[in-house]
Amino acid sequence: ANMVVHPGVGNESGTLVNALLAKYPHLADLGDAEERHGIVHRLDKDTSGLMVIAKTLDALDDLMAQFRLREVDKVYLALLERTPKTLTGRIDAPIARDPKQRKRMAVVRDGKAAVSEFKVIDDNFRHGQALVEFKILTGRTHQIRVHAAFIGCPVVGDNIYGFRKQRVKMKRNFLHAAQLGFDHPESGEHMDFESDLPVGLEQIMMKLR
């Protein structure tokens, strides 16, 4: 969390790409026209967890194709401000730039297709929060945060789509990329990876019990 993926205005250094190029200098010469430097997909700055990085151009092309064809398993954990009305559910709501606030995303009728499935795995919190597992079938910008807010249960710590007055003081969103599964670009073997919740997020939950 708090690490930007790509350098940009105001974030020329200290990004994931900077770290990758320092460790794997050859990524600068992958020959990728978009200068991805091995980046297959992105996480928001305030989201922790798993990312897969390609070290060759062939691997980059293969992994990006798997994401594009929705063949990658992506599971996130989020603490929501409210418990959803149902313990499991599917949110099928298109997402696009918010026509009123261009820096935000929103559910928009003619937006790009966006589908999230969720399952409540823990609702034992004093103030009605719920730890929810999200499986995203598409990869839209801010998808989980927008969908969670859309059903009236924004992500804890989300100062863009969440409550105007935050109930829990956090320096980031309570959103973590917990599982990632894909086929190895060379061998074709299916590989699954898991990442435990960071200690800081575990401590937040303990305080809310």
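Residues 24 or more positions apart make up 60% of the contacts in the chain with a separation of 6 or more, a contact being heavy atoms within 4.5 Å. This is a predicted model, in which local features need pLDDT of at least 70 and side-chain atom pairs count only at pLDDT 80 or more, while totals for chains, interfaces and linings use all residues. Residues are numbered from 1 along each chain as its sequence is written, and side-chain values use heavy atoms, with hydrogens and water left out.

The chain holds 4 helices and 9 strands, which are DSSP runs (helices H or I, at least four residues; strands E, at least two) numbered from the N terminus. In order from the N terminus, these elements run α-β-α-β-β-β-β-β-β-α-β-β-α. Of the 209 residues, 41% count as buried, where buried means under 20% relative accessible area, exposed over 50% and partly exposed in between (1.4 Å probe, protein chains only).

Turning to charged side chains, a search of the whole structure finds 7 salt bridges, each a side-chain nitrogen of Lys or Arg within 4 Å of a carboxyl oxygen of Asp or Glu. One of them joins Glu81 to Arg167, with the closest N and O atoms 3.1 Å apart. This pair links distant parts of the chain, since Glu81 lies in the loop between β2 (73-80) and β3 (88-92) and Arg167 in the loop between α3 (143-150) and β8 (175-183), 86 residues apart. Glu81 is buried, at a relative accessible area of 1%, whereas Arg167 is partly exposed at 42%.
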